[in-house]
Amino acid sequence: MMNQDILNLEYKTLHVVMKMELDGVKIDLKKCKQTLKQLKKFNEKLIRQIQAFTEDEVNLESPPQLHKLLFETLQLQPKIEKVGKNGCYSTDKSHLKKLIDQHEIVPLLLDYRKTISLINFCKQLQNVNLATKRLHGQFNQTGTATGRFSCSKPNLQNIPNVKLKDGETNKLRILESRFREMFVPKRGCQFICADYSQIEIRVAAEMSQDPFLLKAYNETDSNGNKLDVHKLTASEVFEISYSEVTDEQRSIAKSINFGLIYGKTAFGLSATLTEITGKHHSKEQAEDIMSKYFQRFSGVKTCLDALIDFADKHGYSETLYGRRRPIPQLSSSKLSERNAGKRLAMNSPIQGTAADIIKMAMVACDEQIKIKNLKSKLVLQVHDELLFEVPDDEMVVMETLVKNTMENVFRLSIPLEVGLDKGNNWAMAH
DNA sequence: CTTCTCACG
DNA sequence: ACGTACGTGAGAAGG
């Protein structure tokens, strides 16, 4: 059963989405073709290098054949791993990285995978509509479990997002960084890209009313600068002063903050800690950090428990705006299923509330554009981000319109913050 | 049709 | 004891 507020929101959103799909987005086909050519060349070279290690023809797209090549022909030693359903060791990126020192073929395989993936993106982006010469993805408004959009034919919500650091020379990274540059505004226009900053953590702060989380978003440091939520978390968990937090400690705190949204366990956190620090961290060490976290952020703990209780009692979870998601897993007889249900009960209201908010923002921005008789168009939505195609003479008014509308569309006890970028392509580089 | 892998938030 | 972080779509292989 759908709540009336949500139903109204969806009806209003429908018109905005329809226009977004019909308008589509312009692609720099020249850049796309050029990149495809370079990727193909790069890919052929990798194939030659890889095939040199074996006499057999190996289909690198086949995990079973790759398993054979690595662990039988080349005798690599898998690390503490179990086999999958087809009796093979996993050969995905994270597992290959662990084997990187064992054989020079491993980095080549990683690059090969990357080029194949990027080549497919190139092919998809070339399928522009013959009449409009633009790309028209389908934004599916219904169908996801949480209220988010999905996008298909092509999926415009998973375009590589790589920002190069100064002096980066890795050729594949450079090629990968071009993909958002292929999305360009039409003549006489610029893009405005507006994204909500940490919207899910802010929703968690709102739902929990946890004093420390509220403080992170409501208060400033002694110099009047905005606080960094991950840094504040680190200072609480590691019991040090805010200014003493190291980059590594901040990065650990960040993974805790995101982890809480997903119902991460101590086991999962220990793996993340090992990855971040490069040193082994036990489950017990992770448990220590988590218990310290929930001791300090006790409001978060209470909130997550309440979300589980609510879903247990009703059989569904609910967002701040009343969107529901049934969670039948909670009444499963299998413990692992029930645990999965608990994670959904914690995550869905948070992810779903963020989805509600950006739908409201899409509607509100569309209304404002109409009221002011502007020609600016919404061209993409990527979960917490809106991309507008804006005529040059509307730039000034649109910048404030978009930011203000998005930040004020739904009032929380903490501010919603929107980051705004403009440029002549989606990468906004320079 | 299912499994694996990989891109995004 | 159980399995281990949520939500998506695309492409390829293998059955």
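Over how many bridges do S9 and strand S10 pair, and in which sense? In this predicted model, S9 and S10 (residues 385-391) are joined in the antiparallel sense over 4 bridges.

**View 1. The open sheet of 4 strands, in the order S9-S10-S6-S11.** The strands of this open sheet follow one another as S9-S10-S6-S11, and their pairing is antiparallel. The edge positions are taken by strand S9 (377-381) and strand S11 (418-423), each of which pairs on one side only. On average, and with direction ignored, neighbouring strands of this sheet are turned by 25 degrees against each other. Within the pairing of S9 with S10, which extends over 4 bridges, a bridge can be followed from Lys377 to its partner in S10, Glu389.

**View 2. The open sheet of 3 strands, in the order S2-S1-S5.** Here too the sheet is open and the pairing antiparallel, with the strands arranged as S2-S1-S5. Strand S2 (134-135) and strand S5 (183-184) each have a single partner strand and stand at the edges, so one side of each is left without a neighbour in the sheet. Strand S1 (residues 25-27) runs antiparallel to S5, and 2 bridges join these strands. For Lys26, the bridge partner in S5 is Val184.

**View 3. The packing of helix H7 against helix H14.** Two packed helices are described by the angle between their axes and by the distance between those axes. For helix H7 (residues 199-208) and helix H14 (residues 335-371), the angle is about 110 degrees and the axes lie 9 Å apart. H7 is therefore roughly perpendicular to H14, since angles of 65 to 115 degrees are counted in that class. The crossing in which H7 passes H14 is right-handed. On the H7 side the contact is formed by Ile199, Glu200, Val203, Ala204 and Met207, which meet Pro349, Ile350, Gln351, Thr353, Ala354 and Ile357 in H14. Sorted by class, the residues in this contact of H7 with H14 are 8 nonpolar, 2 polar and 1 charged.

**View 4. The surroundings of Glu200 in helix H7.** Glu200, which is found in helix H7, is among the residues of that helix that meet H14. Its relative accessible area is 13%, and Glu200 is therefore classed as buried, the cut-off for that class being under 20%. When its neighbours within four places in sequence are left aside, Glu200 is in contact with Arg148, Ile261, Ile350, Gln351 and Ala354. Of these partners, Ile350, Gln351 and Ala354 are in H14, where they take part in the contact with H7.

Terms used. Residues are numbered from 1 along each chain as its sequence is written. Chains are lettered from A and ligands numbered from 1 in the order in which they are written. This is a predicted model: local features need pLDDT of at least 70, side-chain atom pairs count only at pLDDT 80 or more; totals for chains, interfaces and linings use all residues. Side-chain values use heavy atoms; hydrogens and water are left out. Axes are lines fitted to C-alpha atoms, for helices over the stretch in contact, and angles run from 0 to 180 degrees between N-to-C directions. Angles under 35 degrees count as roughly parallel, over 145 as roughly antiparallel, 65 to 115 as roughly perpendicular and the rest as oblique. A crossing is left-handed if the near helix is turned anticlockwise from the far one by less than a right angle, and right-handed if clockwise. Contact means heavy atoms within 4.5 Å. Ala, Val, Leu, Ile, Met, Phe, Trp, Tyr, Cys and Pro count as nonpolar, Asp, Glu, Lys and Arg as charged, and the others, Gly among them, as polar. Two strands pair if DSSP finds at least two bridges between them. Buried means under 20% relative accessible area, exposed over 50%, partly exposed in between (1.4 Å probe, protein chains only).
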